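Visitor: I'd like to go through the charged side-chain pairs here. Can you put the model up?
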Amino acid sequence: AYKALLEAIPFAELEKAVEIDPEMALGWSSLACAYSFSGDDARARAAHLKASEFVDRLNGMEKRWLELNGLWVEGAGGDAFMAEMKRYIRDFPDDRDSYFYAGLAEEWLNRDYEAALVWYEKAYGMVPGYYPVTNARADCLMKLGRKDEAIRALTGFLALARAGEVP
């Protein structure tokens, strides 16, 4: 499933976005995370530094998100990342991506699949049609030996009227 996550990372789309607007801090930050997920730490750090050049274009919430992405890219441990993520979620409880990233941190940094699943479920509850969350939920369920639930998660996603659309 990790391979599927890497294949789903829209490198070309993110690279095109920062080509169109080279001062788009969140575009650079998202690209940094995508590179980090793929294991390309040098490109991840370079993209994060580029994002940081344009921090003055961001609002308070976006600046905090950029800081969180920086923690991820710089290899902060799972506990340190999660402490900051929980503060971010407390301050911005309606941000779907924060729950998804909390799940990613629990799954990939802390190897705590039960905790990851809790975060993924929260993200899924906010936006059931967002495939990366469904994929991550199914991945965790498989890691926990809950194959039937993983299959139900994927088939449930396929049954959505607007499956695959990213809100």
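**Salt bridges**

Guide: E114 has a relative accessible area of 43%, which makes E114 partly exposed (buried means under 20% relative accessible area, exposed over 50%, partly exposed in between, with a 1.4 Å probe and protein chains only). This is a predicted model: local features need pLDDT of at least 70, side-chain atom pairs count only at pLDDT 80 or more, and totals for chains, interfaces and linings use all residues. Residues are numbered from 1 along each chain as its sequence is written, and side-chain values use heavy atoms, leaving out hydrogens and water.

Visitor: Which residue does E114 form a salt bridge with?

Guide: R146, with the closest N and O atoms 3.8 Å apart. E114 lies in helix α8 (residues 113–126) and R146 in the loop between α9 (131–143) and α10 (147–159), so the pair ties together parts 32 residues apart in sequence. Helices here are DSSP runs (H or I, at least four residues), numbered from the N terminus. R146 is partly exposed too, at 26%.

Visitor: What's the cut-off for a salt bridge?

Guide: A side-chain nitrogen of Lys or Arg within 4 Å of a carboxyl oxygen of Asp or Glu.

Visitor: How many salt bridges does the structure hold?

Guide: 16. One of them joins K143 and D139, at 3.1 Å from N to O. These two are four residues apart in helix α9, so about one helical turn separates them.

Visitor: Is D139 buried or exposed?

Guide: Buried, at 9% relative accessibility. K143 is partly exposed, at 31%.

Visitor: Which residues are linked in a network?

Guide: E15, D40 and R43, through salt bridges.
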